[in-house]
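Please walk through the structure shown here, with attention to its sheet and to a few loop residues.

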Amino acid sequence: MVSYQLVIDCASPDLMARFWASALRYTVEPPPDEFGTWREYWLSIGVPEDELGEGDCSDSIIDPEGHGPRIWFQQVPESKTVKNRFHLDVKVGGKRADVPLETRRARVDAEVERLVQAGASVVRVLSQPGVDHYAVAMADPEGNEFDVA
């Protein structure tokens with residue numbers, strides 16, 4: 001067995017950590033016990049002040065239940081320029097075998113509205129007449145695409 005974390009390149013780790021913590025119902029990871037903030041921690045290991053940006057420098061989120069991977073938002077100088085090669089699906093609708101399409105659609109639409117309020121934007125609705133599937137493609141605050149299904 002291996003352990004892993006998911007790393008997402010971004011311009012603003014604090015913004016992205018807070019958005020994705022809300023989207024995935026994760027929590028922003030607290031700094032190590034002996035530090036009041038992540039900024040204090042990063043400075044203690046020698047990261048220069050001018051590389052840290054503003055705020056407390058939170059840059060990771062964790063699953064409060066301990067099941068999902070840690071997600072680290074790594075600051076990079078370049079912005080996103082092309083479509084993601086991989087994306088997350090935020091699954092809120094329920095299983096097709098257990099939940100009728102209209103109920104799944106209502107759940108997805110409610111989650112989409114919540115995520116728009118948190119800073120995401122709608123890219124497109126993924127639905128076709130006669131197909132038992134409904135999802136919405138969205139973009140996070142830095143333009144990374146993900147689906148709500």
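Two strands count as paired if DSSP finds at least two bridges between them. The model is a predicted one. In this model, Ser121 has Ala139 of strand 7 as its bridge partner. Strand 7 covers residues 135–139, and its pairing with strand 6 is antiparallel, with five bridges.

These two strands belong to an open sheet of four strands, ordered 5-8-7-6, with mixed pairing. At the edges are strand 5 (89–90) and strand 6 (121–126), each of which pairs on one side only. Helix 3, residues 101–118, packs on this sheet and touches strand 5, strand 6, strand 7 and strand 8 (145–148). The direction of helix 3 makes about 10 degrees with that of strand 7.

Elsewhere in the chain, Glu29 sits in the loop between strand 2 (27–28) and helix 2 (38–44). Glu29 has a relative accessible area of 17%, so it is buried, the cut-off being under 20%. Its side chain makes a polar contact of 2.8 Å with the side chain of Arg70. Beyond four places in sequence, Glu29 touches Trp38, Ser60, Ile61, Ile62 and Arg70.

Most residues other than glycine have a negative phi. Arg25, in the loop between helix 1 (13–24) and strand 2, has a positive phi near 60 degrees. Cys57, in the loop between helix 2 and strand 3 (60–62), also has a positive phi, about 70 degrees. Arg25 is partly exposed, with a relative accessible area of 49%, whereas Cys57 is buried at 7% relative accessibility.

Conventions: Residues numbered from 1 in each chain as written. Predicted model: local features only at pLDDT ≥ 70, side-chain atom pairs only at ≥ 80, totals over all residues. Heavy atoms only, no water. Contact = heavy atoms within 4.5 Å. Axes fitted to C-alpha atoms, helices over the stretch in contact; angles between N-to-C directions. Buried < 20%, exposed > 50% of the residue type's maximum accessible area, 1.4 Å probe, protein only. Polar contact = N/O pair within 3.5 Å; in protein donor to acceptor, adjacent residues only side chain to side chain.
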